[in-house]
Amino acid sequence: MDNKTTNLYLPIRMDDFLEKLPDRGLKKQCEKTLTDFRRYGRRIKGLHFESLHGTDNLCSLRINDNYRVILYRDKNAENTYYAIRIDAHDDSYDWANFRCKFDPVTRALNYYLPVEMHGEEMPAQSPVPKGKDIFFQISDETMESLGVPDFILQKVRTITDLSEFYKLQNAISPVVYHILELLLEGKTVSDIRGILGIPDGAADDKTTLAEAVHASANQQQFFLVTDDDFLRKAMDLSLERWRLFLHPTQKKAVERNYKGSARVVGVAGTGKTVVAMHRAKFLVEKMQPEEKLLFTTFTKNLASDIENNLKKICTQEEMEHMEVRNLDAFAASYLAKRKVQI
């Protein structure tokens, strides 16, 4: 048997990836499946490697009778796969109806649901009258320049309120959804390219995902499994610990010596808040007894969640150096202490 190792990439958000596995025993089976696939490739019969829906880029691996891993194969790179979904057998195969492709503009692996959430074919929809959709101030050319596919563009032209837009979140790629969010916020094409690390010019049709993964949009999605030990540790972590896990690429942002302020950007679910929490811990570890750090958010509920999570990674002494409050509450307290009338 050819012992050449398969290049296997896993999602940075492993908590989302693993949440469908109900118990530790199933996680160990999944670990063995991925380890065997990484070591020996698709030729092990027990893995039941098969292409899905007649495509050459979506395939599946068998964990057991009831669960499958869905993989995306990079057609431009030898022996390179991206694990994108774990689910029960029927649900994982239903999910594989997503259109999954490499986007040459963002250089990200994007996926889109071509059917309604009820499983029925999406009915043809005509754009609403000009000026009525919530994206009316944004041209088709602007969205196309950022990699929004034509059929998604047609869909957003039918959206007249934000509640309809929010429904797209689970039906399209996080990268494309975040691009649309930023456009609604009034960001320019240049702003969005800078925020998401989208390079100027599209990739050619020979670009591999392994090459493209160095683009920010992809770094927010996947990491390469470098050895069996790392894979084992990834599978052993609980979902709660994964939500606080700091990937090596994120650790660089946490421990960097910035000259002034810094901004961390990324699509939804890529760990920006986790980076901020670990950055807070990193800073208070070096503080003098009289120093304090303010960790502020826009909402009270998020501040409460962050404080609870900080207590899981910080000592009591470190927490005494922190004040975690939403911005309005902090401002009101700050002014009240100084007897400033509002």
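Q: In what sense do S2 and strand S3 pair, and over how many bridges?
A: Two strands count as paired if DSSP finds at least two bridges between them. Here S2 and strand S3 (residues 58–62) pair in the antiparallel sense, over two bridges. The bridge partner of Ser-51 in S3 is Cys-59. Strands (E, at least two residues) and helices (H or I, at least four) are DSSP runs, numbered from the N terminus.

Q: What kind of model is this, and how are residues numbered?
A: The model is predicted, so local features need pLDDT of at least 70 and side-chain atom pairs count only at pLDDT 80 or more, while totals for chains, interfaces and linings use all residues. Residues are numbered from 1 along each chain as its sequence is written, and side-chain values use heavy atoms, with hydrogens and water left out.

Q: What is the strand order of the open sheet, and which strands are its edges?
A: The open sheet has six strands in the order S2-S3-S4-S5-S1-S8, with mixed pairing. Strand S2 (50–51) and strand S8 (222–224) are the edge strands, each pairing on one side only.

Q: Is Leu-58 buried or exposed?
A: Buried means under 20% relative accessible area, exposed means over 50%, and partly exposed lies in between (1.4 Å probe, protein chains only). Leu-58, in strand S3, has a relative accessible area of 4% and is buried. Leu-58 and Tyr-72 are 14 residues apart in sequence, yet 4.8 Å apart in space, C-alpha to C-alpha.

Q: How is the packing of H2 and H11 to be read?
A: Two packed helices are described by the angle between their axes and the distance between the axes. Axes are lines fitted to C-alpha atoms, for helices over the stretch in contact, and angles run from 0 to 180 degrees between N-to-C directions. Helix H2 (residues 24–40) and helix H11 (residues 228–236) pack at about 160°, with axes 10 Å apart. That makes H2 roughly antiparallel to H11; the classes are roughly parallel under 35 degrees, roughly antiparallel over 145, roughly perpendicular from 65 to 115, and oblique for the rest.

Q: Which residues of H2 meet H11?
A: Contact means heavy atoms within 4.5 Å. On the H2 side, the residues include Arg-24, Lys-27, Glu-31 and Arg-38, and on the H11 side Asp-228, Arg-232 and Asp-236. By class, the contact of H2 with H11 has four nonpolar, one polar and nine charged residues. Nonpolar covers Ala, Val, Leu, Ile, Met, Phe, Trp, Tyr, Cys and Pro; charged covers Asp, Glu, Lys and Arg; the others, Gly among them, are polar.

Q: At what angle do H7 and H8 cross?
A: The axes of helix H7 (residues 174–184) and helix H8 (residues 189–196) come within 10 Å and cross at roughly 140°. H7 and H8 are therefore oblique to each other. The residues of this contact divide into seven nonpolar, one polar and no charged. H7 is mostly covered, with eight of its eleven residues buried, among them Val-176, Tyr-177 and Leu-180.

Q: Which residue other than glycine has a phi near 50°?
A: Most residues other than glycine have a negative phi. His-48 has a positive phi near 50° and lies in the loop between H2 and S2. At a relative accessible area of 46%, His-48 is partly exposed. Lys-339 also has a positive phi, about 55°, although it is not a glycine. Lys-339 lies in the segment after helix H17 (327–337) and, at 76% relative accessibility, counts as exposed.
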